[in-house]
Amino acid sequence: MDPTIGPVRYQKLLMWETSLEMEEEEEEEETSEPLVPNPWRLQDSSGNKSCGLPGAWPRLAAALLLLAIGGSLAVWQLQTKGGWTGNLGSVAPPPNRHSHSPGIYHHGAIISPAATCSDLGRELLVAGGNVVDAGVGAALCLAVVHPHATGLGATFWGLFYNSSSGNSTALTSGPAQTLASSLALPTALPTLHLIHAHFGRLPWPRLLVGPTALAQEGFLVDTPLAKALAAQGTEGLCPLFCHADGSPLGHGARATNPKLAAVLHKAALASTSDLPGDALLSLLVRDLGVEAPSARPSPTLKPAMQLHVPQGILFTTPSPSAGPELLAQLETTLVSGAPSPDPCPPFLQTATAPASSILATVDNSGSMLLLTSSLNSSFGSGHLSPSTGVLLSNWVAGSATSTWACPLIFHAGPDDTEAEMLGWVASGTPDVARAITCALVSHLAGPQSQAQQEPTESPRACGQGILLRVSAHAEHAHVSSVPSGCSPFQGF
């Protein structure tokens with residue numbers, strides 16, 4: 001790890017307004033507001049300033065004229081920054097300017113399995129955050145709204161590429177440790193805090209505002225969670241995810257998790273990567289009636305695995321993830337000229353619920369963060385901690401290798417700072433490595449091969465296998481997924 005590597009920084013977009021000159025001797029006062037207001041923060045409706053205007057009508061008319069000009073300029077500025085819309089996965093084309101297809105943005109973008117979390121990640125980008133801020137904030141959001149696939153009890157792997165330094169970093173939760181019989185020591189909070197502390201820009205508490213509000217005030221059950229609840233049943237999950245009669249919550253029902261909100265609030269106050277996990281661990285130990293383990297979570301940041309191939313350079317996560325298996329497949333295909341995996345594996349046809357959760361963020365310079373996490377099975381151990389609202393994983397020491405974790409980043413031109421950067425991350429199948437291999441080989445073969453090999457499953461396949469792709473090319477950020485309509489994305 002290079003300690004001199006700094007965070008990828010963004011300039012905060014500001015909306016300016018013209019000051020009204022009251023008197024020649026008076027100092028001019030400037031105000032600025034975020035281009036897009038933060039929906040996760042309470043707004044101060046009493047912050048409008050008032051000022052006395054001279055009684056002369058000519059002065060009043062001049063002031064109104066300046067105000068109108070300022071408003072017109074503000075609208076123009078909003079349009080020239082690319083605009084934004086509440087429709088997921090699209091940007092309204094600004095008038096008198098080139099437009100883009102859905103999933104292509106001027107500055108940065110995020111894609112995840114939950115619309116709420118993609119929205120939150122976008123807001124963090126617009127608020128001045130970088131891809132690490134957006135990715136970590138969205139991962140904490142998914143821990144609230146997708147408890148069947150991830151959570152504070154989940155194991156995390158990540159792959160971060162810093163375009164300003166050219167370095168790639170692998171994030172791991174560390175060795176699996178047992179908290180109690182068949183229950184894993186939770187590692188999500190210290191793991192996510194670690195990568196944010198090294199590469200994030202926004203303050204750590206800012207990333208937890210949205211997830212805490214969702215847990216406290218409630219969120220709507222989406223289709224993936226509703227399907228998982230219907231398949232799993234409610235044993236051990238009540239009362240959080242059940243109706244009063246014990247039946248599982250359905251699509252559109254509102255769920256809250258105030259105990260989890262309290263844990264997130266305490267985590268927001270943590271100053272080191274150890275404290276978030278310690279606050280949660282003390283409550284879990286009391287719930288389970290066990291002694292506190294001597295070992296603590298030991299997340300790590302280390303250089304990513306690399307493989308140089310004729311087409312560029314590949315980055316992925318080290319063992320015990322499936323990253324080494326992925327690089328072995330790619331080396332065989334791209335270096336030795338062996339046949340590519342054709343046809344692509346039907347990983348989207350799996351009938352089982354996904355065992356992992358994925359998301360990806362990218363900016364127009366090529367910095368990107370790919371995150372994947374797992375509870376080892378749907379709803380993990382099924383043990384819901386009453387004091388924390390956390391579902392514990394059954395991913396313990398001796399569990400199988402993390403076949404679900406092998407994010408991949410491809411740099412098409414290591415010596416060219418403007419060369420295309422691509423990232424892939426997939427979930428929902430033990431054959432993730434082969435699926436990502438096929439996606440990269442198809443990309444290198446050209447558009448015709450991609451069109452022939454890319455799966456075209458209907459939206460009914462949503463919630464099973466998902467492949468996310470992000471890229472940076474020609475100073476734009478690109479996001480997409482297979483199936484195409486299952487993973488909401490946002491950007492600006």
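Predicted model: local features only at pLDDT ≥ 70, side-chain atom pairs only at ≥ 80, totals over all residues.

Biologist: To start with, how many disulfides does the count come to?

Modeller: The count comes to two disulfides, where a disulfide is a pair of cysteine sulfur atoms within 2.5 Å. Residues are numbered from 1 along each chain as its sequence is written, and side-chain values use heavy atoms, with hydrogens and water left out.

Biologist: Which cysteine does cysteine 117 join, and what is the S to S distance?

Modeller: Cysteine 117 is joined to cysteine 141, with an S to S distance of 2.1 Å. This pair links distant parts of the chain, since cysteine 117 lies in helix H2 (residues 115-126) and cysteine 141 in helix H3 (residues 131-145), 24 residues apart. Helices here are DSSP runs of H or I with at least four residues, strands are runs of E with at least two, and both are numbered from the N terminus. The torsion about the S-S bond of cysteine 117 and cysteine 141 is about -80 degrees, so this disulfide is left-handed.

Biologist: Are those two buried or exposed?

Modeller: Both cysteine 117 and cysteine 141 are buried, where buried means under 20% relative accessible area, exposed over 50% and partly exposed in between, with a 1.4 Å probe and protein chains only.

Biologist: And what about the disulfide at cysteine 238?

Modeller: Cysteine 238 is joined to cysteine 242 with an S to S distance of 1.9 Å, and the torsion about the S-S bond is about -95 degrees, so that disulfide is left-handed. Cysteine 238 counts as partly exposed at 35% relative accessibility, whereas cysteine 242 is buried with a relative accessible area of 10%.

Biologist: What does threonine 234 contact, leaving aside its neighbours within four places in sequence?

Modeller: With those neighbours left aside, threonine 234 is in contact (heavy atoms within 4.5 Å) with Phe241, Cys242, Gly246, Ser247 and Pro248. Threonine 234 sits in the loop between helix H6 (223-232) and strand S10 (254-255), and its side chain reaches the backbone oxygen of glycine 246 at 3.0 Å. At 17% relative accessibility, threonine 234 counts as buried.

Biologist: Switching to the nonpolar side, how many residues does the largest nonpolar core have?

Modeller: The largest nonpolar core has 70 residues, and those with the most contacts inside it are Val136, Leu140, Val144, Val145, Leu152, Ile195 and Phe219. Such a core is a set of buried Ala, Val, Leu, Ile, Met, Phe, Trp, Tyr and Cys residues joined through side-chain atoms within 4.5 Å. H3 gives the most to this core, with 11 residues. Apart from it lies another core, of 24 residues, among them Tyr161, Ile358, Val425 and Phe489.

Biologist: How many aromatic pairs turn up in a search of the whole structure?

Modeller: The search finds three aromatic pairs. Rings of Phe, Tyr and Trp (its six-membered ring) pair if their centres lie within 6.5 Å, and planes under 30 degrees apart count as stacked, over 60 as edge-to-face and the rest as tilted. Among the pairs, tyrosine 161 and phenylalanine 315 are tilted, at 5.7 Å centre to centre and 45 degrees between the planes. That pair links strand S5 (residues 155-162) with strand S13 (residues 312-316), its two members being 154 residues apart.

Biologist: Last topic: how many residues of strand S14 are buried?

Modeller: Eight of the eight residues of strand S14 (residues 356-363) are buried, so the strand is largely enclosed by the rest of the structure. Ser356, Ile358, Ala360 and Val362 point one way, and Ser357, Leu359, Thr361 and Asp363 point the other way.

Biologist: Which way does S14 run against strand S15?

Modeller: S14 and strand S15 (residues 368-374) run antiparallel, joined by seven bridges, and two strands pair if DSSP finds at least two bridges between them. In S15, leucine 371 is the bridge partner of leucine 359. S14 and S15 form a hairpin with four residues between them, and glycine 366 in the turn has a positive phi of about 105 degrees. S14 also pairs with strand S4 (residues 108-111) in the antiparallel sense, over four bridges, with alanine 109 standing opposite valine 362.

Methods:
Polar contact = N/O pair within 3.5 Å; in protein donor to acceptor, adjacent residues only side chain to side chain.
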